[in-house]
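Here is a short note to read beside the model. Please keep the viewer open and find each residue as you go.

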Amino acid sequence: MLMILGLLTSFLSVLYLTAPSIRKFFAGGVCRTSVQIPGKVVVITGANTGIGKETARELARRGARVYIACRDVLKGESAASEIRADTKNSQVLVRKLDLSDTKSIRAFAEGFLEEEKKLHILINNAGVMMCPYSKTADGFEAHLGVNHLGHFLLTYLLLGRLKESAPARVVNLSSVVHLGGKIRFHDLQGEKRYCRGFAYCHSKLANVLFTRELAKRIQGTGVTTYAVHPGVVMSEIVRHSFLLCLLWRLFSPFFKSTRQGAQTSLYCALEEGLEPLSGKYFSDCKRTWVSPRARNKKTAERLWNVSCELLGIQWE
């Protein structure tokens, strides 16, 4: 036992000593465009921390008017203050948005539409991961409700303003774990069988399918959309799982920083000439492969229709 502990200690010591080199190897793609966007209006959900915060920072640095839409307004104000000081851009604003409550989503959208006449970039970044079984204010399973239905409704409510501001973009954060996902229409709310890990996978598959179907339905409007895998990132999203928190700490040298994790979101929001790739899935700042389930047209259409029914909306 002592020998095993000694070997493990030695391994971790080497790991952490070489951490900078390892991180550089696993850093992935970089958004290299020099595009500046003064006067452009951006909404980013969950931008009070993690990848969203770094995405907001870079877009503010490029001159955008950035709305941090988040549930915790105090954390949001703290993040906004930091970004304003760092970028010298005073146009970083915080508005309350709780994606687990459709009333909050509608209130945010109503307030935003009264306040802003333009919207050029919507980044659906917020999410929950591996939560114990729970339901949103509207009775949806938490992963489905927050990660998919919340952003589905938000996009629906803001799409008119995006069309009016075209060219405009919608960026949806998904994950490589969509490979393990399946849209279980017979048990969409996980009431018959629930596994928090698979629930997260299912919701990330829903993000890719939503992006695909949205691209088809908004073709020709000047609005384009992209799904993004940010990479394995050191962030707070694993807070609901003790095991993942432990693994994150042990193997942190292999993970991206939040700044590195934001690069593909930035690429899809800013890179010129991406319009023909609307509806596609990106990782490390390039288009990449998706699972067969994520390419299933019938599943995408059915999920769209079921989502509309659950939310009580008609989206033609």
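**Notes on selected helices, strands and residues**

1. Start with Thr224. Leaving aside residues up to four places away in sequence, Thr224 touches Ala168, Arg169, Val170, Ile218, Glu275 and Ser278. Keep in mind that this is a predicted model. Thr224 sits in strand S6, which spans residues 223-229. Is Thr224 buried or exposed? Thr224 has a relative accessible area of 9%. Buried means under 20%, so Thr224 is buried.

2. Next, His202. This residue belongs to helix H7, residues 196-217. His202 has 18% relative accessibility and counts as buried. Which residues does His202 touch, not counting those up to four places away in sequence? They are Gly180, Gly181, Lys182, Ile183 and Arg184. With Lys182 there is also a polar pair: a polar atom of the His202 side chain lies 3.0 Å from the backbone nitrogen of Lys182.

3. Now look at helix H5, residues 102-115. H5 has 14 residues. From first C-alpha to last, H5 reaches 20 Å, close to the 20 Å expected at 1.5 Å a residue. At the start of H5, a side-chain oxygen of Asp101 comes to within 3.0 Å of the backbone nitrogen of Lys103.

4. Which residues of H5 are buried? They are Thr102, Ser104, Ile105, Phe108, Ala109 and Phe112. Why do they share a side of H5? Because they cover an arc of only 160° around the axis. An α-helix has 3.6 residues a turn, so residues three or four places apart point the same way. The face turned away from the buried side of H5 carries Lys103 and Glu114, which are exposed.

5. What covers the buried residues of H5? The cover includes three strands, S1 (41-45), S2 (65-70) and S3 (92-96). It also includes helices H6 (142-164) and H11 (297-311).

6. Strand S4 covers residues 121-124. Ile121 and Ile123 point one way from S4. Leu122 and Asn124 point the other way. All four are buried.

7. S4 has partners. S1 and S4 run parallel, joined by three bridges. In that pairing, Val42 stands opposite Ile121. S4 also pairs with strand S5 (residues 168-173), again in the parallel sense, over four bridges. Here Asn124 stands opposite Asn172.

8. Finally, trace the chain through S4, H6 and S5. Together they make a right-handed β-α-β unit. H6 is also part of what covers the buried residues of H5.

Notes:
Residues are numbered from 1 along each chain as its sequence is written. This is a predicted model: local features need pLDDT of at least 70, side-chain atom pairs count only at pLDDT 80 or more; totals for chains, interfaces and linings use all residues. Side-chain values use heavy atoms; hydrogens and water are left out. Helices (H or I, at least four residues) and strands (E, at least two) are DSSP runs, numbered from the N terminus. The expected span of a helix is 1.5 Å times one less than its number of residues. Buried means under 20% relative accessible area, exposed over 50%, partly exposed in between (1.4 Å probe, protein chains only). The arc is that of the directions from the helix axis to the C-beta atoms. Contact means heavy atoms within 4.5 Å. A polar contact is a pair of N or O atoms within 3.5 Å; within protein, one must be able to donate a hydrogen and the other to accept it, and residues adjacent in sequence count only if both atoms are side-chain atoms. Two strands pair if DSSP finds at least two bridges between them. A crossover is right-handed if, with the strands pointing away from the viewer, the path from the first strand over the helix to the second runs clockwise.
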